[in-house]
Amino acid sequence: MEGESGSGSGEVKKLKLKLYSFWWSTCSVRVRIALNFKGLKYEYKSVDLLKGEQLSPEFIKLNPSGNVPVLVDGDTLVADSFAILMYLEDKYPHHYPLLPQDIHKRAINYQAANIVSSSIQPLQKVATLKCIEEKISSDPDVKLAWAQHYIKKGFVALERLLKDYAGRFATGDEVYLVWFPASSMSVPTNLYIQYAAQCAKI
């Protein structure tokens, strides 16, 4: 695992926040987006998932589930992207809010985020597809069909949920917890299926 930041080496020691992340991890991407929106500086600690660094004894001490991202804030350690986002929102609420003030719109953001993090992503991630390969079939088409099924089901649910709330973005005209452009709602299924096809080849 390697550490880096956008500043000189002298500043790395001053950074309170550390993010254990991997460039390919979409869970990590959403946390990096939130950190940048909130203007929070952090030290980037690379965990190479393709090399299996997330399963090393060193990393398992940080997160027993062996997943990125993990955020370290002083003496506080938080794993799981959704938990990290909620932590950042609670601790740094005035640094670009990730949730709207309206309680109903907040609930819609929670619902949409949970569809992605619970009903789509875990069911088509690399670890899941590898398990299918080992336990069910090594045929890449079987893995791809599995991923396509849950990606499509999840995006159909998102479209139905957000159709009455979308503005410039998923839940209005501001970037919140669920931030993707509303105009992308008709195309992401194809984009994610292409991504799943690449994962199926690994």
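**Reading a predicted chain**

Student: Which residues does Ser137 touch, not counting residues up to four places away in sequence?

Tutor: Ser137 touches Ile132, Val142 and Lys143. Keep in mind that this is a predicted model.

Student: Where is Ser137 found? And is Ser137 buried or exposed?

Tutor: Find the element, then read the accessibility. Ser137 is found in the loop between H6 and H7. Buried means under 20% relative accessible area. The relative accessible area of Ser137 is 19%, so Ser137 is buried.

Student: How confident is the prediction, as pLDDT?

Tutor: The chain averages a pLDDT of 83, and 81% of the residues score at least 70. Over residues 6-13 the pLDDT is below 50. That stretch has three contacts in the model beyond near neighbours in sequence. Residues 181-193 also have pLDDT under 50. For them the model has 21 contacts beyond four places in sequence.

Student: What does the secondary structure of the chain come to?

Tutor: Count elements, then read their order. The chain has eight helices and five strands. Along the sequence the pattern is β-α-β-α-β-α-β-β-α-α-α-α-α.

Student: How many of the contacts in the chain, as a percentage, join residues 24 or more positions apart?

Tutor: Among contacts with a separation of 6 or more, 62% join residues 24 or more positions apart. As for burial, 42% of the 202 residues are buried.

Student: Which residues have the most contacts inside the largest nonpolar core?

Tutor: First the general idea. In soluble globular proteins, nonpolar side chains tend to be buried together. Here the largest nonpolar core has 34 residues. Leu17, Leu35, Leu71, Leu85, Leu88, Leu158 and Leu162 have the most contacts inside it. Several elements each supply at least two residues of this core: strands E2 (17-21) and E3 (42-46), and helices H2, H4, H5 (103-120), H6 (126-135) and H7 (140-162). H7 gives the most, with six residues.

Student: What is Leu85 in contact with, leaving aside its neighbours within four places in sequence?

Tutor: Leu85 is in contact with Arg30, Val31, Ala34, Leu98 and Leu177.

Student: At what angle do the axes of H2 and H4 cross?

Tutor: Take the distance and the angle together. The axes of H2 (residues 26-37) and H4 (residues 81-91) come within 9 Å. They cross at roughly 10 degrees. Angles under 35 degrees count as roughly parallel. H2 and H4 are therefore roughly parallel to each other. On the H2 side, Cys27, Arg30, Val31, Ala34 and Leu35 make the contact. On the H4 side, Ser81, Ile84, Leu85 and Leu88 do. These residues divide into seven nonpolar, one polar and one charged.

Student: Is Glu89 buried or exposed?

Tutor: Glu89 is found in helix H4. Its relative accessibility is 8%, so Glu89 counts as buried. Now look beyond its neighbours within four places in sequence. Glu89 is in contact with Lys38, Tyr96, Pro97, Leu98 and Leu99. Glu89 and Leu99 are ten residues apart in sequence, and 7.9 Å apart in space, C-alpha to C-alpha.

Student: How far apart are Ala112 and Ala157, in sequence and in space?

Tutor: Compare the two distances. Ala112 and Ala157 are 45 residues apart in sequence. In space they are 8.8 Å apart, C-alpha to C-alpha. Ala112 lies in helix H5. With 0% relative accessibility, Ala112 counts as buried. Setting aside neighbours within four places in sequence, Ala112 is in contact with Leu158, Leu161, Leu162 and Val178.

Student: What is the omega of the peptide bond from Val68 to Pro69?

Tutor: The general idea comes first. Most residues other than glycine have a negative phi, and most peptide bonds are trans. The bond from Val68 to Pro69 is cis, with omega near 5 degrees. Pro69 lies in the loop between helix H3 (57-62) and strand E4 (70-73).

Student: What is the phi of Asp80, and what is the phi of Tyr96?

Tutor: Asp80 is not a glycine, yet its phi is positive, about 85 degrees. Asp80 is in the loop between strand E5 (76-79) and H4. Its relative accessibility is 45%, so Asp80 counts as partly exposed. Tyr96 also has a positive phi, near 50 degrees. Its place is in the loop between H4 and H5. At 28% relative accessibility, Tyr96 counts as partly exposed.

Technical notes
Residues are numbered from 1 along each chain as its sequence is written. This is a predicted model: local features need pLDDT of at least 70, side-chain atom pairs count only at pLDDT 80 or more; totals for chains, interfaces and linings use all residues. Side-chain values use heavy atoms; hydrogens and water are left out. Axes are lines fitted to C-alpha atoms, for helices over the stretch in contact, and angles run from 0 to 180 degrees between N-to-C directions. Helices (H or I, at least four residues) and strands (E, at least two) are DSSP runs, numbered from the N terminus. Angles under 35 degrees count as roughly parallel, over 145 as roughly antiparallel, 65 to 115 as roughly perpendicular and the rest as oblique. Contact means heavy atoms within 4.5 Å. Ala, Val, Leu, Ile, Met, Phe, Trp, Tyr, Cys and Pro count as nonpolar, Asp, Glu, Lys and Arg as charged, and the others, Gly among them, as polar. pLDDT is the predictor's confidence in each residue, from 0 to 100. A nonpolar core is a set of buried Ala, Val, Leu, Ile, Met, Phe, Trp, Tyr and Cys residues joined through side-chain atoms within 4.5 Å. Buried means under 20% relative accessible area, exposed over 50%, partly exposed in between (1.4 Å probe, protein chains only).
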